[in-house]
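Good morning, and thank you for coming.

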Amino acid sequence: MNTIKRKETISNSNLLFAIAAVIFALMYGFAVLRYPRSFLQYQTFFDLFNLNAPLIILTLGLSIVMIGGGIDISVGAVTGLVTMCCAVFLESGRGSVGGSMLLALGIGLAFGLLQGFLIAYLEIQPFIITLAGMFLANGLLTTIHKDPLNVTMAEFVRLRDYSMVVPWLGTTNRLGNFIPLEVKPGTFVAALLIAALAVLMHWSRFGRNLYAVGGNSQSSLMLGINVRRTKFSSYALCGLLSGVAGFVFIMTTGAGNVGNASGFEMKAIAGSIIGGTMLSGGVGNLIGSPVGALTLLTINELIRAAGVNSNFQAIVSGLLLCVFIVLQSLVMWLRGAGGFKLALPAWLAPGGKGGRAG
Amino acid sequence: MRRTAIIVYTASGEKQLQTPNVLEMRGICKSFPGVRALHDVSFTLRSGEVHALMGENGAGKSTLIKVMTGVYEKDSGQITVEGKAMHFRSPQDAQAFGVGTVYQEISLCHNLTVAENMFIGRGRYAFVDWKGMREKTARLLDSLGIPARPTQQLSSCSLAVQQMIAIARAIDMDCRILILDEPTSSLDEDEVRKLFSLMRELKSRGVGIVFVTHFLDQVYEISDRITVLRNGEFIGDYDASSLPQLELVSKMMGKALDDVSQIKKREVPALEGGAPVFEAQGLSSAAGVRPFDFAIRKGEVNGFTGLLGSGRSESVRAIYAADKVTGGEIKVHGRKARIGEPIQAMKLGIGYLPEDRKGDGIIAELSVRDNIILALQVMKGFFKPFSRKEAESFADEYIERLNIKTASTSTPIKSLSGGNQQKVILARWLLTHPEYLILDEPTRGIDVGTKVEIQKLVLKLAEEGVSVTFISSEIEEMLRTCSRLIVMKDRAIVGELSGESLTERDVLHVIAGGGE
């Protein structure tokens, strides 16, 4: 009786999120026990955000697209392109920080709108379109500027070096000096976006429609949802988030570089999946996704702390991803995911053309 | 509520009460690539009536409904709603105008909660009022007696409950036209009662209801009028009270026109060797066919007949294990056997020509030759391929024997006509020299000449000692070839007919539920 109740009240999205959260807590708990000197510092935890805010933001964008049943593999390249464009713009002598922000958002949004249009309205495979977008962004990036470009504009450097100091959360280092906790602006951007997008996906009509579209786009159409517009919006939003991520990236590193954010799309996909988003769509949680990304990052930190060859990072990440996917399908299967199949038995297949007679 | 009536004074000055047509469709045509789904179909729906839309599979009912609701764009024709010409471009359009639809394949989202499914796609505001939504849903579920909770995930509800939720959603939209496409297929008797009383209630409020079902008894229980479609064409609309069930069935099935007097069916052969070639007891499958007994003798031709959804295809699929077998015993030549998957059936000498030629039969990109040797190759094993020469000689032999019209043995099968494709699939099975051949709709969609050829071939095979089960939606065809007819209804066998003087009427009688 008890199990039935639980089965009914917790949604798949929340269940997978809970699993992700538990695993992250276990992982971080293990890290603290094993390497207390490094992981007990607040700075270590906040550095996960300080240094990886762009990736976390991209994870949010990808989760949104994946909940809608799509995929966007252009985000890493677009982020890289944005950093380079901002760097060139800021170094041009006529640039301003505000202008570069707008530029970043504009580039991201442009990619999102274009890809979203092609995918939603012309019904082309999202994988192909965003692959093309990725190539395009990569090509533009190297065309604009090949070499690393350090931004030296004073106003920007101030922003780059700014960090909020939280004195009451600091740590004492080995020499006995007290070092206060530093939080970078990117962390705030990421936190704000997590909160805003979680609200959007849970309480807005767009968010709920997107879950429906990802769950079953045919049914959604029949239920009166504008499937195309919903899909289109999800890609536009994801593109916009790539722009934000790009700006946060250059705000953290202070340089445009050909290799910026390369491979982030795959990390973001992995983070989303570990965070409980299903590639098949319709299931996911916008708080879970950053947790998934943090899980991956914690593994990397752990391996670094252990002093093992960094190749192991990739291996362990790969294995973990695999375990997660198996776990997810296991959970879904155990919950009687048979309900995800077509609702009617096969012998009642659609009566129109092409249906089977009995 | 919205009951309106028009009083018409006829020429003689008499006063007549007429309910207005809430929906009128005239001359609707709709084609898909290669298929003419609807041709010049008309349909009228009055407010406050239940109008049954009847027809066999492929008759175009679902297509007509999808044209009604804006899922498909019609090629030509007019639709008027309450006297105004309307053109629904999308389901949203139709929904906004008061057309509520419950589709055959339940169109809800399994990953959302019951409450969300009730309200999604209907909101006007940018944000969702979860609390209000849950409360309204709870009230609605309560008033309709649906055993579900608003916060429950839809996937955890039974099919019947999902169906009721879809209906509740349509009702809650306060629609003027309610379309129910096979709403009762997953409901039990009690739930059907509940649905019907709900339909009567809506009727009295002036809602026009389109009701599609394959259950004839239900049609007569609830419907006021009946429109019959066949092969995408409009056959007629009738008052339910003036159209006997038998006539309805014959209108739905139509008559075959081909002249095939030269075909002479065989008698049921004597039992040879003490046991039938194939025997099943209590066989059932995951596709929903009820446990049935079945046997076929050496050289016998028999057939399963019945309406769509009666389980005729499912029965033979269970024999061949094309669907997952869930129970029953099988004997081949009197010895117990187990068929868990098609390859085991093949090894026992059973061949199966599937109903869906395009989907399950041909491998479109492969050549005629490769399509012919496929079954034999599977039985031999893929690691022992036939040489080109062997394959070539097999292909040549059967192309000649079955008179297959193809440019060469290497022509891709997709470029052949339907009838010739079917012959290639037949050749595929004949090459394995089966003892028992199951042919599911071998004559569908092919020209009359080839139909006759295939029927003759069936009888010739039987003469050579092959047992054949033959299924066709054209009853006349089956009467000509089968010495024994097994009649199915609602996924169970309801009768068995044999004898020289069998007529179509006898068969229809059993199907229509007249029994013996």
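In strand β20 of chain B, the bridge partner of B:D440 is B:I471. This is a predicted model, in which local features need pLDDT of at least 70 and side-chain atom pairs count only at pLDDT 80 or more, while totals for chains, interfaces and linings use all residues. Residues are numbered from 1 along each chain as its sequence is written, chains are lettered from A and ligands numbered from 1 in the order in which they are written, and side-chain values use heavy atoms, with hydrogens and water left out.

Helices (H or I, at least four residues) and strands (E, at least two) are DSSP runs, numbered from the N terminus. Two strands pair if DSSP finds at least two bridges between them. Strand β19 of chain B, residues 436-440, pairs with β20 of chain B, residues 467-471, in the parallel sense over 5 bridges.

These strands belong to an open sheet of 6 strands in chain B, with the order β18-β19-β20-β15-β21-β22 and mixed pairing. At its edges are β18 (350-353) and β22 (492-498) of chain B, each pairing on one side only.

Which helices lie across strands of this sheet? Helix α9 of chain B, residues 312-320, lies across β15, β18, β19, β20 and β21 of chain B, at about 150° to β19(B). Here, contact means heavy atoms within 4.5 Å; axes are lines fitted to C-alpha atoms, for helices over the stretch in contact, and angles run from 0 to 180 degrees between N-to-C directions. Helix α14 of chain B, residues 418-430, lies across β18 and β19 of chain B and runs at about 170° to β18(B).

I turn to another sheet. In chain B, 4 strands form an open sheet in the order β14-β13-β16-β17, with antiparallel pairing. Its edge strands are β14 (292-296) and β17 (335-337) of chain B. Strand β16 of chain B, residues 325-332, is joined to β17(B) by 3 bridges, and B:I330 stands opposite B:A337. Helix α9(B) packs on this sheet as well, touching β13, β14 and β16 of chain B.
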